[in-house]
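Here's a walk through one protein model, written for someone who likes cut-offs spelled out. Have the coordinates open while you read.

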Amino acid sequence: MIAALFVQPRGIYAGRPDVDPWPEERDARCYGGPWPVVAHPPCGPWGRYSKPTADSRARGPLRGEDGGCFAYALVMVERWGGVLEHPRDSGAWAAFGLPDPPAVGWRRALLRPGYVCMVDQGHYGHAAKKPTWLYYVGDRAPPGLIWGPSNPAPIGTGARRGNLESLSKIKRAATPPAFADLLISLAERARTRGAW
């Protein structure tokens, strides 16, 4: 069993017998274990479209204002094992002392107990490349994944052709089934019963 934190109520993890989903109405910040986790904390407040200051004219959320979701996800991954995912170039990485991932492979975090990597969700069925940073903590080293840029079918038109922004908000945020399976397998690998 694994716990999926900060997920959609009717999303990819709903109804799976091997997953305890924690959507917004359950408030994943109340999760207290004991299962390893797959964490999808909100990315908007840490992304390139977030407001740098409250006075900014940008339309996005205020940078870093996620109600403590990323911080809580990080604590749960480090306490129970598992994996946390966020978009490439997430501002949360630097804010919480996680190193930028290498272009290929895993890198051990020096100041934290886990490993970081970058993987394109396009390798796992997403309509766009959707480069994603992962932070894995477990009692076993993380496995090899499909590295490097993916090459999904062209999407969009004109100057935005091939961009993630060419998709609807729902399709951009969606986790492909094969990627969810990968994250679940990482969380399952993270801890053997009684190891911690």
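Two strands count as paired if DSSP finds at least two bridges between them. Helices (H or I, at least four residues) and strands (E, at least two) are DSSP runs, numbered from the N terminus. With that in hand, strand 3 and strand 4 (residues 82-87) pair in the parallel sense, over three bridges. Within that pairing, alanine 39 has leucine 84 of strand 4 as its bridge partner.

Before going further, some housekeeping. This is a predicted model, where local features need pLDDT of at least 70 and side-chain atom pairs count only at pLDDT 80 or more, while totals for chains, interfaces and linings use all residues. Residues are numbered from 1 along each chain as its sequence is written, and side-chain values use heavy atoms, with hydrogens and water left out.

**The fold**

The protein chain has four helices and seven strands, and from the N terminus on the elements run β-β-β-α-β-α-β-β-β-α-α. The seven strands form an open sheet in the order 2-1-3-4-7-6-5, with mixed pairing. Strand 2 (19-23) and strand 5 (107-108) sit at the edges with a single partner strand each, so one side of each has no neighbour in the sheet.

What about strand 7? Six bridges join strand 4 to strand 7, and the two run antiparallel. Strand 6 is also joined to strand 7 by six bridges, again antiparallel. Proline 87 stands opposite threonine 132 in strand 7, and valine 116 stands opposite tyrosine 135 in strand 7. Strand 7 is mostly covered, with six of its seven residues buried; here buried means under 20% relative accessible area, exposed over 50%, and partly exposed in between (1.4 Å probe, protein chains only).

For the angles, axes are lines fitted to C-alpha atoms, for helices over the stretch in contact, and angles run from 0 to 180 degrees between N-to-C directions. Contact itself means heavy atoms within 4.5 Å. Helix 1 lies across strand 1, strand 3, strand 4 and strand 7, at about 150° to strand 4. Helix 4 (residues 177-190) lies across strand 1, strand 2, strand 3, strand 4, strand 6 and strand 7, and runs at about 15° to strand 7.

**What's packed inside**

In soluble globular proteins, nonpolar side chains tend to be buried together. A nonpolar core, as used here, is a set of buried Ala, Val, Leu, Ile, Met, Phe, Trp, Tyr and Cys residues joined through side-chain atoms within 4.5 Å. The largest one has 25 residues, and those with the most contacts inside it are Leu5, Tyr31, Phe70, Leu84, Trp93 and Tyr135. Strand 1 (2-7), strand 3 (37-39), helix 1 (69-80), helix 2 (91-95), strand 6 (115-120) and strand 7 (131-137) each supply at least two residues of this core. Helix 1 gives the largest share, seven residues. A second, separate core has 23 residues, including Trp106, Leu134, Leu183 and Leu186.

Which residues does tyrosine 31 touch, leaving aside neighbours within four places in sequence? Tyrosine 31 is in contact with Ala3, Leu5, Trp22, Val37, Tyr72, Met76 and Trp80.

On the whole-chain level, 41% of the 196 residues of the protein chain count as buried. Among contacts between residues at least 6 apart in sequence, 61% join residues at least 24 apart. The accessible surface comes to about 10,300 Å², of which 54% belongs to carbon and sulfur atoms; such areas come from the Shrake-Rupley method with a 1.4 Å probe, and for residues only the protein chains shown count as cover.

As for cysteines, the structure holds zero disulfides, a disulfide being a pair of cysteine sulfur atoms within 2.5 Å. Cysteine 69 counts as buried at 9% relative accessibility, and cysteine 117 does at 0%.

Two aspartates have a positive phi although neither is a glycine:

Where is the cis peptide bond with omega near 10°? That bond runs from glycine 33 to proline 34, and proline 34 is found in the loop between strand 2 and strand 3.
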